[in-house]
Amino acid sequence: MVRILIIEDEIIIARFIEQQLRNSFNCETRVAVSRAEAETAMAEILPHLLLCDIQLEAELSGIDLVTNLRRRYAFEVIYITSYETRSIIEKAAATHPANYLIKPIDESQLFAGVQLVISRLRAEDRIGKPLQTSILFSETELRILRLIREKKTTMEIAETLHLSRFTIKNHRHNICRKLELADENNALLKWVVQNGHLLK
Amino acid sequence: MAREISFLRPSGLPILAVILLLFHPTYGSPPPVPVGQRLALQPVFTALEDKKGAATADGLIHRPGDFTPLASLPKGDPVSYYWLRATIRTGDRNDPGKILSFSHLTFVDVYLYNDTSLITHRAAGAFQPESKFADGDGRFFCSLPLEKNHAYTLLIRVHHTKYYQPQFDFVLQPARQYFAAAHTKESIDIALFGAICILFIYTLLSWIVSRFRPYLWLLLSIGGIGCYALSNNGYWIEWFAPEHPASAWLLNPHFLYLGLLGLYLLVVDFWQLRTDFPKVYAWMRWVPILLVLRSLSAFGIDYFTGNYFVSGLIDRATHPFMLLVVGYTLYICWPRLNPARRYLAYGLVLLCVSGLYLTIAILVSKEQSLNTVSTVGNFFNIAIFLIFATGLKEEMRRHELAKQAALEELNRLQQHQNTILERRVEERTEALAVSNRRLQNQKYQLAERNTKIETLINELHHRVKNNLQLLYSLLSLQLPIVKDGVSRDILKGNIGKIRAMMLVNEKLFNFEKGRNIGLCEFITELAVHLQKIYDIRERTRILQEIPAGISLSDKHTLSFGLILSELFTNTFKHAFKDHPDPCISVRAVQVSEHLLEFNYSDNGVGIPAGGSTEKFTMGIPLIKDLTRQMNGQMSISGEKGLHYSFTIPV
């Protein structure tokens, strides 16, 4: 059964979407009306698919939220929003959404938009789980991440792995790129501290 | 720099005397000498050296045998008293006056005897106070009252205190002849000193106007050497200290030193020796020291011993060094001097030549220097200073030219700068104009867009209201058609919700500025409206306890409106079946700054035990959802009617 999380701050609309999805697909759904609820729901149901409004609590926080969640979970996302401006669509595209639906939407539009994604979801194994680091990162990158978790500096990591300092830097850069983190020390360290449990 | 005209004296024409001296044989015993035209007495004198100065004229007049002819008198002490004796005879022509003159002796007493009786005693001499002179006599001459066809004996006592060997160049000549010569000399002096004065004033004015320092040094030099010439010619004593000639004469060489110091400063400053020729300057620094030493030693010797001969010797001994320094300076500096500065070099060369000439002249003619030497010296002086002044003027002219050129260059640069500046200002102005136009355009565009946005917003508002109205009207129209009770209820509920939306919309539009909606007014309006739909007879009392200040933020207003509409709908539909006194109570309390407590209760049937809970299933989840959306809390209790309690963040 496909697990779907609906992130939408108008609860009536969320309920409508929920009802339509339940009618059309064999799925389990959950509604989150705020960022906090979304965070909780993510951990609890590990959804395969997110339907996300871009304007949450009167801001463009939907895209930020998805960017953030991407670092910890593997999922697909469909944006449902009333924004049609080019810049916002471009910004949303940077998080690689599976689809982008523009409000107002009716049953058929919703069905078509979601059907497309759900049919594809079945083939993907890693979706609907916490981010699997063994798939995302190479062996060397994982070793580096574990060393970062032990609060090792780049120099120390280079010494431990018998690699050049620049090679380590290069790996760190790649890790950041894969996690869509800003390419700086603190961002990666923060991620490692938050998600250290993923690095078995 | 050897300037030795200090021993030149105003007198008659001694050259002639020397010539005459050659033609006159020396007499052993003196016969009376006929006095006619000019007569040099030196050949006819008999003389006596009186070392102690004890002899008197009256004693000696009776002892002609003590005298020996002057030519055979042995050379004695220069400061002894010398007695000279000559016998003269006048002709038969009555001469208006005879003048006895000499060139330079410090003290002279003239006694004129007729036989042995004293006719007159006259005093003269360079150091003699003026008060001792008889009327019509001068420092270097006296008039003798000679009558025709008489024989006189002339007894002269000479005391020369300057340690130079005295020269007894006495001349007897007619007054007219003497005064004519003296007059000629004075005229020449006046002309020369006048020229020097003019030069002095010219230099002074030049300095005042230009403040060019070398002029000051030239001024010092001209002043010093001018005063020296004045002093040499006796005018200094005549004008300033006729009673104390010996003291006044002490100053004589120091004027020269002052002039030389001025010259030294002129050279150093004008050629900028200190910076341009440091090597030469190292040597030249000895010059002022030497000058001061010379000045001090000369003054000491002259003042304490009166030995002008020795001080003169010492002075002359320094000349070779001075000449050497000048020569060295000229040799080193010449190639690097510009034409203006070379004028000074010409002057210096001329100065050296004149110095040499005068030194040689003095060496030849001793203390009794020629009258011409003084004049020639003055001529030299004027020429030298003219050359100096020309050099300075040339330098000034060059300065002026350079300044002019610099000014022109500056002017040109400034013009260039101005042109650049103007061009830049033009460019800036143009750029400003362009950006101004762009700004203006942007302003128009903004204004246009603003208008468009306003129109759009109005349009949007209109559409929203209209659409809500359409929905409201549509549902209201359909209401009579629907006969089924459940469907009617749903339809009524929806109408109520649309009405709530309309109200919120209306309030939002009206209170756009505050973006907050007064809770009290909102509830009243909604309640009244819903009552019209469900409670046509208006039996129900609605009690409100809502403080006036409480308001909701716009993002919560719609949710709250829908909740309220649902609550009222529920109550009207289910609570008051045949109730005698239906009553709804609404209370709101601002618990804290961000929290509102809202209570809704009716006195209806409450939640009946068992059975009809489905009636509520429609509304309560919605209320719960909306409360969740507002991030609020709610609780329900069903005793003695329904009580809802909400806490909502504001």
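## Strand S3 of chain A and its neighbours

In this predicted model, Cys52(A) stands opposite Tyr79(A) in strand S5 of chain A. The pairing between S3(A) and S5(A), the latter spanning residues 76-81, is parallel and rests on four bridges.

Strand S1 of chain A, residues 2-7, is also joined to S3(A) by four bridges, and these two strands run parallel. Within that pairing, Ile6(A) has Leu51(A) as its bridge partner.

S3(A) covers residues 49-52, and both of its faces are covered. Leu49(A) and Leu51(A) are buried on one side, while Leu50(A) and Cys52(A) are buried on the other.

## An open sheet in chain B

Strands of a sheet pair through backbone hydrogen bonds, in either a parallel or an antiparallel sense. In chain B, four strands make an open sheet with antiparallel pairing, in the order S2-S11-S6-S9. S2(B), residues 39-40, and S9(B), residues 141-144, are at the edges; each has a single partner strand, so one side of each lacks a neighbour in the sheet.

S6(B), residues 98-101, is joined to S9(B) by four bridges, and the two run antiparallel. Ile99(B) has Ser143(B) in S9(B) as its bridge partner.

## A helix pair in chain B

Two packed helices are described by the angle between their axes and the distance between the axes. For H10(B), residues 286-304, and H11(B), residues 308-317, the angle is about 165 degrees and the axes are 8 Å apart. The two helices are therefore roughly antiparallel to each other, and their crossing is right-handed.

On the H10(B) side, the contact involves Arg294(B), Ser297(B), Ala298(B), Ile301(B) and Asp302(B). These meet Tyr308(B), Val310(B), Ser311(B), Ile314(B) and Asp315(B) of H11(B). By type, the residues of this contact are five nonpolar, two polar and three charged.

## Where the chains touch

Contact between the two chains involves six residues of chain B and six of chain A. On the chain B side, the largest share, four residues, comes from helix H19 of chain B, residues 619-629. The chain B residues that touch chain A comprise one nonpolar, two polar and three charged.

Definitions and conventions. Residues are numbered from 1 along each chain as its sequence is written. Chains are lettered from A and ligands numbered from 1 in the order in which they are written. This is a predicted model: local features need pLDDT of at least 70, side-chain atom pairs count only at pLDDT 80 or more; totals for chains, interfaces and linings use all residues. A residue is buried if 20 or more other C-beta atoms lie within 10 Å of its own, exposed if 12 or fewer, and partly exposed in between; C-beta atoms are placed from the backbone. Two strands pair if DSSP finds at least two bridges between them. Two residues are in contact if their C-beta atoms, placed from the backbone, lie within 7 Å. Ala, Val, Leu, Ile, Met, Phe, Trp, Tyr, Cys and Pro count as nonpolar, Asp, Glu, Lys and Arg as charged, and the others, Gly among them, as polar. Axes are lines fitted to C-alpha atoms, for helices over the stretch in contact, and angles run from 0 to 180 degrees between N-to-C directions. Angles under 35 degrees count as roughly parallel, over 145 as roughly antiparallel, 65 to 115 as roughly perpendicular and the rest as oblique. A crossing is left-handed if the near helix is turned anticlockwise from the far one by less than a right angle, and right-handed if clockwise.
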